[in-house]
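Biologist: Please show me the model, and then I will ask what stands behind the terms you use.

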Amino acid sequence: MKKNHYKLLIIIASFSLVGVVFTQLYWVKKAVNFKEEQFNNAIMIAMKSVVNQLLEIHNDSTMQRMKVKGCNCIMDLKTIDDVVDANTLQKLLKKEIKCFQINRDYVYGVYNKQSAHFKMGAYADNRKELINSSHQVSLDCVYKPGDYYLSIYFPNQKSKLLLQMAGWLSLSALFLIVVVFSFYFTVSTLMRQKKLSEMKTDFVNNMTHEFKTPISTISLASEMLLRPNVYESPDKTRKYAHIIFDENARLKNQVEQVLQISVLDKGDMKIKPKEMDVHKVINKLRDHFVLSLKELKGTLTLKLDAEKSVIVADRVHVINLISNLLDNAKKYSREVPKIVLSTKNVKDGIKIIVEDNGIGISSEHQKQIFKKLYRVPTGNIHDVKGFGIGLYYTKKMAEAHGGAITLHSELGKGSRFEIFLPFKANLNSKSDEI
């Protein structure tokens with residue numbers, strides 16, 4: 001799949017996910033509002049039922065009084081207390097609210113809307129809340145004029161309503177989290193697989209190119225040796241034989257690098273620690289490395305400041321660690337390579353430091369630099385060879401010895417690699433793959 005197709009697919013999927021999330025949130029909000037509306041309607045019905053029952057009680061009481069007085073007129077009622085009995089009101093409210101299976105705490109009161117004066121009820125310090133409550137019904141059918149209202153207030157009504165729906169809301173939130181996480185995991189996996197595929201493709205291309213060059217050189221040199229004017233000349237024969245030998249050694253080294261990946265992944269890399277002098281190893285490496293720098297007119301400066309340079313480690317792997325860092329310093333240099341290799345003692349071991357004046361590594365790539373097959377993009381430099389396993393191998397071998405490797409780099413200002421190796425290899429140290 002093309003790169004643009006990946007982007008389009010991710011954008012469409014992202015918009016779809018956002019749509020699903022907003023739709024779910026919308027329906028959750030609608031469900032909460034519907035539940036609240038149901039609750040409000042239930043309270044309003046209960047309050048009207050209470051008022052109707054108060055009216056019936058008032059009418060029955062009035063008729064009885066008229067019979068007792070022996071007159072056909074209704075008695076003048078001076079206050080609302082003559083019409084509504086506080087105990088009766090409390091019992092009726094409790095009964096009607098219970099009918100709707102509402103078991104929440106509430107306060108109620110009867111007050112004059114004009115004067116905000118309360119006449120009865122269990123309102124404690126909630127007068128203001130009762131006056132502003134949405135649960136109110138007029139008592140004008142029971143007592144004239146219609147200035148008196150019955151009001152009910154439920155403390156923390158919204159939060160208790162949400163608590164009542166906590167089960168469904170939690171399930172909804174859980175499903176949303178699962179969907180979002182699954183989407184993130186799927187997209188990140190897709191991007192990793194795509195990146196890994198590109199890295200493997202680059203690896204195969206680089207490997208083909210790296211193998212093709214020595215094979216072609218060996219083939220050409222062998223062909224030259226078959227010519228009469230060449231094999232009859234000892235000097236020419238020796239010359240082409242050296243070329244075949246060198247190219248064969250180069251090819252062998254490249255095959256070994258490729259095989260290192262399989263060995264590291266299987267965890268079969270064997271560490272054979274022996275006492276060795278790091279400074280002696282570095283001095284021998286310098287003699288070989290300086291020759292390759294001459295063509296580029298580069299320099300390698302040694303600053304061997306470690307007082308204790310003898311460690312117990314695998315000599316072959318230590319040589320490979322240092323060689324990999326020196327090779328990288330040379331390969332990723334835009335100008336004349338200026339490399340500084342230094343050592344210093346730290347607690348329980350030695351630090352080997354390789355600094356260069358190369359192209360540097362951005363912070364974005366520094367997080368990936370030690371991963372298998374990863375190669376830092378080099379802009380316009382297309383002649384940098386390698387398989388992307390040198391630093392991966394270096395990190396794993398340092399950890400296999402109980403050490404570590406760190407990188408300090410700034411784009412355009414070179415890089416500084418620091419390898420810490422303990423005086424005695426800690427083969428029980430934790431390593432991801434060894």
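**Strands, sheets and cover**

Modeller: Strand 5 (residues 274-277) pairs with strand 7 in the antiparallel sense, over 4 bridges. This is a predicted model, in which local features need pLDDT of at least 70, side-chain atom pairs count only at pLDDT 80 or more, and totals for chains, interfaces and linings use all residues. Residues are numbered from 1 along each chain as its sequence is written, and side-chain values use heavy atoms, with hydrogens and water left out.

Biologist: Why are strand 5 and strand 7 said to pair?

Modeller: Pairing requires that DSSP finds at least two bridges between two strands. Strands 5 and 7 have 4 bridges, so they pair. Glu275 has Val312 in strand 7 as its bridge partner.

Biologist: What makes a run of residues a strand?

Modeller: A strand is a DSSP run of E with at least two residues, a helix one of H or I with at least four, and both are numbered from the N terminus. The protein has 11 helices and 11 strands.

Biologist: Which side chains of strand 7 are buried?

Modeller: Ile311 and Ala313, which point to one face of strand 7 (residues 310-313), are buried. Buried means under 20% relative accessible area, exposed over 50%, and partly exposed in between (1.4 Å probe, protein chains only). Of the 434 residues of the protein, 37% count as buried.

Biologist: How do you know that strand 10 and strand 11 pair?

Modeller: Strand 10 and strand 11 (residues 415-422) run antiparallel and are joined by 6 bridges, and Leu407 has Phe417 in strand 11 as its bridge partner.
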